Amino acid sequence: MNLEKFSSVVRHVTQAMQHGRIGFSLQQINSVDDPGQVLYSECLGRLIEPDGTIRTCGEFIAFLEASGRAPAFDRHVVDLAFDWLACHPTASLGCNISAENLADKQNWAVLYDLLHRHRAMAPRLVLEITESLPVATLSAAAELLQSVRELGYKVAIDDFGTGYSTPETLLSLPVDIVKIDAFFIQRRGDKAERFLHHMVGLASCAASTVVVEGIETYAQLEAAKAAGATHVQGFLLSEPTLPPVHCGQVNSARHAVASKWMM
């Protein structure tokens, strides 16, 4: 990775956070039995360039993860989610939380403080644990996640079946929702249906709510239902907008935190 580009991207995202140019769009998680029934909507990060160009989270999140700055970005989006929830009292959201939050005590302490302060909205926020990096100590991670579940938050494992998301991780952590990576619904071949069925069955051992991601066709929706999934997510039923539905600046204290990771 080019060091100059790496530093530039991280600095660019930091400035966007400080200037209120980070926001999110929404994609629904729908019931397989009644697609009109929405479990919650996932926040998908967006960055607005000074010239109005919009970047998706996928264009910069790898740089933040590699630099150790992903937890600060996670907290920023969670804080925006609480702002949005306060204005939409009947809605529920899901926010990505990188596994790095579980590996560093300081990162976790700051995140937990944010969640504790807004615990009145806990039943309406799902924390989606993303494992682009391995969870260092499963027993310690399980204890941390249980502490936020006791506040009333739900915990989901995101992109299960790929990366560092293993059966050991799944069965060791206290989770309410398992989201199966889109790879398993979008792969083709004679074994595809059997793979998906086994993945849903394994996920069901850990959580009563199993979401299949990447649903783009009615055939895939039927396949997810046949495999035993309870919910689905994808462009077929919910296509997120590129422009964010919500943006905002953080308060002065959060500005101070963000400024510490300018490069």
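**Core, pocket and strands in a predicted model**

Q: In β5, which residue is the bridge partner of cysteine 95?
A: This is a predicted model. Strand β5 covers residues 125–130 and runs parallel to β4. Six bridges join the two strands. In β5, cysteine 95 has as its bridge partner leucine 127.

Q: In β4, which residue is the bridge partner of serine 41?
A: β2 spans 38–48 and β4 spans 93–98. Two bridges join these strands, which run parallel. For serine 41, the partner in β4 is leucine 93.

Q: How many residues of β4 are buried?
A: Buried means under 20% relative accessible area. β4 has six residues and is mostly covered. Its buried residues number five.

Q: How many residues make up the second, separate core?
A: Tyr40 and Val126 are among its members. Ala156 and Val211 also belong to this core. The total is six residues.

Q: Which aspartate does tyrosine 153 touch, not counting residues up to four places away in sequence?
A: Tyr153 is one of the residues that touch the most other members of the largest core. Leaving out residues up to four places away in sequence, its contacts include Phe82, Leu115, Leu125 and Val148. His118 and Arg119 are also on the list.

Q: Which element gives the most to the lining of the largest pocket?
A: The pocket has a volume of about 860 Å³. Elements that give two or more residues to its lining are β2, α2, α3, β4 and β6. The top contribution is five residues, from β2.

Q: How many residues of the lining of the largest pocket are charged?
A: The lining has 36 residues. Glu42, Leu44, Asn96, Asp158 and Asp159 lie nearest the pocket centre. By type, the lining divides into 12 nonpolar and 14 polar, while the charged count is 10.

Q: Is aspartate 159 buried or partly exposed?
A: Aspartate 159 sits in strand β6. Its phi is near 55 degrees, a positive value in a residue other than glycine. Most residues other than glycine have a negative phi. The relative accessible area of aspartate 159 is 28%, so this residue is partly exposed.

Methods:
Residues are numbered from 1 along each chain as its sequence is written. This is a predicted model: local features need pLDDT of at least 70, side-chain atom pairs count only at pLDDT 80 or more; totals for chains, interfaces and linings use all residues. Side-chain values use heavy atoms; hydrogens and water are left out. A nonpolar core is a set of buried Ala, Val, Leu, Ile, Met, Phe, Trp, Tyr and Cys residues joined through side-chain atoms within 4.5 Å. Buried means under 20% relative accessible area, exposed over 50%, partly exposed in between (1.4 Å probe, protein chains only). Contact means heavy atoms within 4.5 Å. On a 1 Å grid over the protein atoms alone, a cavity is a set of points where a 1.4 Å probe fits but cannot get out, and a pocket is an open set with protein on both sides within 12 Å along at least five of seven lines; lining residues have an atom within 4 Å of a point. Grid points are joined across faces, edges and corners, and a volume is the space filled by probe spheres set on the points. Helices (H or I, at least four residues) and strands (E, at least two) are DSSP runs, numbered from the N terminus. Ala, Val, Leu, Ile, Met, Phe, Trp, Tyr, Cys and Pro count as nonpolar, Asp, Glu, Lys and Arg as charged, and the others, Gly among them, as polar. Two strands pair if DSSP finds at least two bridges between them.
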